[in-house]
Amino acid sequence: MKISNKFVAATVALLLAAPVIAQQSGKDVYTKVCATCHATGLAGAPRYGNGADWAPRVATGLPALYQSALKGTPKGMPAKGGHLTLPDGEVKAAVDYMLASVKGAVKVAEPKKAEEAKEAKEVKEPKKAEAKPAPVAAAPAPAAAPAPVRAASPAPVAQTTASGEDINSFNRLLKPASKRNLPPPEDGIHDPANDGTHALQPPLAAFASLPKSMSGNRINWVEALGQKKINPRYDRVDPKAEPIVMDLNIVREVKGSMPDVVYPHKQHTEWLDCSNCHPAIFVPQKGANQISMAAILLGEKCGVCHGKVAFPVSECRNCHSKKKEMARSPAPAAAAK
Ligand code: HEC
Ligand code: HEC
Ligand code: HEC
Ligand code: HEC
């Protein structure tokens, strides 16, 4: 089939162009990174091997799919699956690997055709033009932008703006090593023209003695506080204010194989006021709130903070920390705990 020949040729060219020598295969990347969501369809991810899931997406053309995989999408596909250090070529190879799983079922439009194709053009062009790392601003969106999916939620917090990229702001915390914890004059936040900026201790030096984590700015802030390595002021205005710490864990049972979620009040109320969450984000009643991964990925519920100012969604086990009590077949009495 002529399409697939071109497709293969283009893919090979891309792979050859990739600067990395010891490259992981598309399968490796899929297994390590993408399968988390694409094996089960988590948060609406098109499932591996499921032609029906992929058909409408494939219709937009290979370049658009690559673009989604590299830059993320407003509906929950994190840029590079949340692993921003992956070379572009490996991410594309993982896309190819997933597409190969539905090869018989769907046709991949060749790049040229796809661009001319139907109204897809209209929708895509303006979107592309704006595809840049998004600020977290809740700016009013241009009319052409795709409408966000939103769960009916009473939370007054800005979750998604229609300008697509914003909700992917959780990727803000998934910077490559070279962009992480830059010295104040280079961080894009502090004014390099101000002498005070140069007097500030660079974060790398300041963080050196703090306990490490695998995500965000690589500091385990909960532990840093627990070990009294930091002593943040609880109230900006009142230096004497003490937090009202409440030690109450709420377990949210998760359907399926993921461990249950333990929401700890203690670790949150050491930093936050009750009013930061109640009642705007959560009704203070166990089980009264509908929480889903999809909502979190869209920046709602736990996602109001996690991925923005607290550890990101990629750290599954931080939240899904309680092993299910396996409803095993009647266990021999000796095995009972
Ligand atoms: C945390 C979950 C998650 C991970 C990890 C993830 N994806 Fe996705 N992906 C999604 C979701 C959700 C969608 C559907 C988003 C949408 O409809 O815009 C999606 C959609 C896609 C699409 C289709 C985009 C489109 O325009 O229709 C591609 C391609 C894709 N992902 C590639 C990848 C690759 C490659 C990886 C691994 C490097 C990966 N994804 C990892 C959640 C994930
Ligand atoms: C980071 C967000 C957050 C903060 C801050 C927070 N809570 Fe909660 N709270 C929750 C969540 C999430 C639940 C569980 C809701 C559910 O299961 O639907 C909850 C549940 C509760 C419940 C219901 C318990 C039950 O067994 O039904 C009470 C009471 C409560 N919180 C009080 C407080 C108080 C008091 C504070 C301040 C000292 C506080 N919360 C701070 C997120 C928060
Ligand atoms: C208002 C902001 C906010 C919301 C909403 C929020 N968190 Fe957090 N969470 C934080 C902050 C801040 C920390 C501490 C910093 C960090 O770990 O990145 C934290 C830490 C945690 C920790 C780490 C505890 C530890 O011992 O390391 C867990 C687990 C957690 N949150 C789960 C949740 C879950 C589950 C939800 C939703 C039910 C949620 N959080 C909602 C702000 C929030
Ligand atoms: C910030 C905390 C947090 C993190 C990080 C997190 N989850 Fe969740 N997850 C939740 C909460 C809360 C629920 C809702 C539980 C419930 O039904 O009450 C949930 C639900 C789920 C569900 C059930 C289906 C659904 O969508 O509600 C799955 C599957 C899941 N998570 C997978 C994952 C995977 C995989 C990761 C890592 C990529 C992850 N989660 C990371 C908090 C988190």
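## Basis of the report

The structure is a predicted model. Two iron sites are treated in turn: that of ligand 2 and that of ligand 4.

## The iron atom of ligand 2

The protein supplies His265 and His278 to the iron atom of ligand 2, each through its NE2 atom, at 1.9 to 2.0 Å. Because the six donor atoms around this iron subtend angles of 87 to 180°, the arrangement is octahedral. His265 belongs to helix 11 (residues 265-269), whereas His278 lies in the loop between helix 12 (274-277) and helix 13 (293-297); the pair therefore ties together parts that are 13 residues apart in sequence.

The two histidines fall into separate accessibility classes. His265 is buried, since its relative accessible area of 8% is under the 20% limit. His278, with 26% relative accessibility, counts as partly exposed.

## The iron atom of ligand 4

At the iron atom of ligand 4, the coordinating protein atoms are SD of Met293 and NE2 of His320, at 2.0 to 2.2 Å. The site is octahedral, with angles of 86 to 179° among its six donor atoms. Met293 is part of helix 13 and His320 is in the segment after helix 14 (316-319), so this pair ties together parts that are 27 residues apart in sequence.

Met293 counts as partly exposed, with a relative accessibility of 24%. His320 is buried, its relative accessible area being 10%.

Methods: Residues numbered from 1 in each chain as written. Chains lettered and ligands numbered in written order. Predicted model: local features only at pLDDT ≥ 70, side-chain atom pairs only at ≥ 80, totals over all residues. Heavy atoms only, no water. Donors = N, O, S within 2.8 Å, 3.2 Å for Na, K, Ca; no water. Tetrahedral: all angles 85-135°; square planar, octahedral: opposite > 155°, others 65-115°. Helix = DSSP H or I, 4+ residues; strand = E, 2+ residues; numbered from the N terminus. Buried < 20%, exposed > 50% of the residue type's maximum accessible area, 1.4 Å probe, protein only.
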